[in-house]
Amino acid sequence: MFACLLQICFYLLSTVAVAAFLVIAVLLYKTKPYPNIQRHKDEDTFLDPHTIKTIAFPSLDDSPTLELSVIVPAYNEEKRLPAMLDECLAFLEKKSAGNPNFTYEVIVVSDGSQDGTVAVALGYSKKHGAEKVRVLELIENRGKGGAVRLGVLSARGRNLLFADADGATKFPDYDKLEEALKTLASEWREDGIAIGSRAHLENDAIATRSFFRTILMHGFHLLVWLFAVRSIRDTQCGFKLFTRSTARKLFTSLHVERWAFDVELLYLAERLKVPMSEVAVRWTEIDGSKLTPFWSWLQMGTDLFMIWLRYLIGAWRIASIQKKEN
């Protein structure tokens, strides 16, 4: 009887080992080690509403010409975008008026929106000028990570902030991130990330969320810690500030274009030993989220495991390391 059980266990383990080998073989064969960043021709330019001419976006490889670029990914955000841009631009205008050396741009990236998002954003570009507000209209939906990446690759700033279109984070908290980043990097050629965080609000969130959502939240945090990022408590807050040097390294290596892209960015930052600082920010939940708790978090959990596995077996590699070696 005992021998029979041992034989069954042997067959099961052999089956699991063969299945794991086949999965790894398929991943290595099917997966490209470096991201294939595709961009349609129409996505290389933006419209100047005053001259009604299209102008080519600059490249992240160019030297910076502004202090700050704000990247706002937006998918069907015609209702929530105005409040966010009003607060953002009012703050940036006030900061610029008090410090002539502070120059900025806001790049709204419409991620294949089907509503009036582009028209709303172009209205702000017309009001403030295309030097300050630009609209990058993506032909098709790529996902939040893909939208942020193309916005970053089109930016002129020494530092780059990506901020969610819902305006959940109070934009004046940018000053906190700016101060934190200065302690990590004295200028744009150095590496550093200041990460907006809601970790200090976790107890309040537990008090107002259902038991099911709380379990999902803790489960997701555990998966992030197990498979990807261990030094940052809140990986998902849409308020992160990068030096231009760091943005070049991370966004050219980013593979994930959907919701879990934040985790891969910070995973890459840990692998590259980029200095990071987590900064408490004010945050309010805004109605209209595109996330559905169970299915979105299930997808993100799967993405976390696949991020870990693909880098572990070498199916994915870090482009900035490859460039350095060459």
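Author: Gladly; below, each label is set against its definition. This is a predicted model, where local features need pLDDT of at least 70, side-chain atom pairs count only at pLDDT 80 or more, and totals for chains, interfaces and linings use all residues. Residues are numbered from 1 along each chain as its sequence is written, and side-chain values use heavy atoms, with hydrogens and water left out.

Reader: Why is Cys88 called buried?

Author: Buried means under 20% relative accessible area (exposed is over 50%, partly exposed in between, with a 1.4 Å probe and protein chains only). Cys88 has a relative accessible area of 0%, so the label buried applies. Cys237 also has 0%, so Cys237 is buried too.

Reader: How many disulfides does the structure hold?

Author: The count is 0. A pair would need its cysteine sulfur atoms within 2.5 Å.

Reader: What makes helix 9 mostly covered?

Author: Helices here are DSSP runs of H or I with at least four residues, strands are runs of E with at least two, and both are numbered from the N terminus. In helix 9, 9 of the 11 residues are buried, among them Phe261, Asp262 and Glu264. After the helix comes Lys273, with a positive phi near 60°.

Reader: Which residues have the most contacts inside the largest nonpolar core?

Author: They are Val152, Ile193, Val229, Phe242, Leu250 and Phe251, in a core of 46 residues. Helix 9 (residues 261–271) gives the largest share, 7 residues. Such a core is a set of buried Ala, Val, Leu, Ile, Met, Phe, Trp, Tyr and Cys residues joined through side-chain atoms within 4.5 Å. A second, separate core has 34 residues, including Val70 and Cys237.

Reader: What is Val229 in contact with, beyond its neighbours within four places in sequence?

Author: Contact means heavy atoms within 4.5 Å. Val229 is in contact with Val224, Thr235, Val263, Leu266, Tyr267 and Glu270.

Reader: Why do strand 5 and strand 9 stand at the edges of the sheet?

Author: Two strands pair if DSSP finds at least two bridges between them. The 7 strands form an open sheet, ordered 5-4-3-6-8-7-9, with mixed pairing. Strand 5 (133–138) and strand 9 (276–280) each have a single partner strand, so one side of each is left without a neighbour in the sheet.

Reader: How do you know that strand 3 pairs with strand 6?

Author: Strand 3 (residues 66–74) and strand 6 (residues 157–163) run parallel and are joined by 5 bridges, against the at least two required. Within this pair, Val70 stands opposite Leu161.
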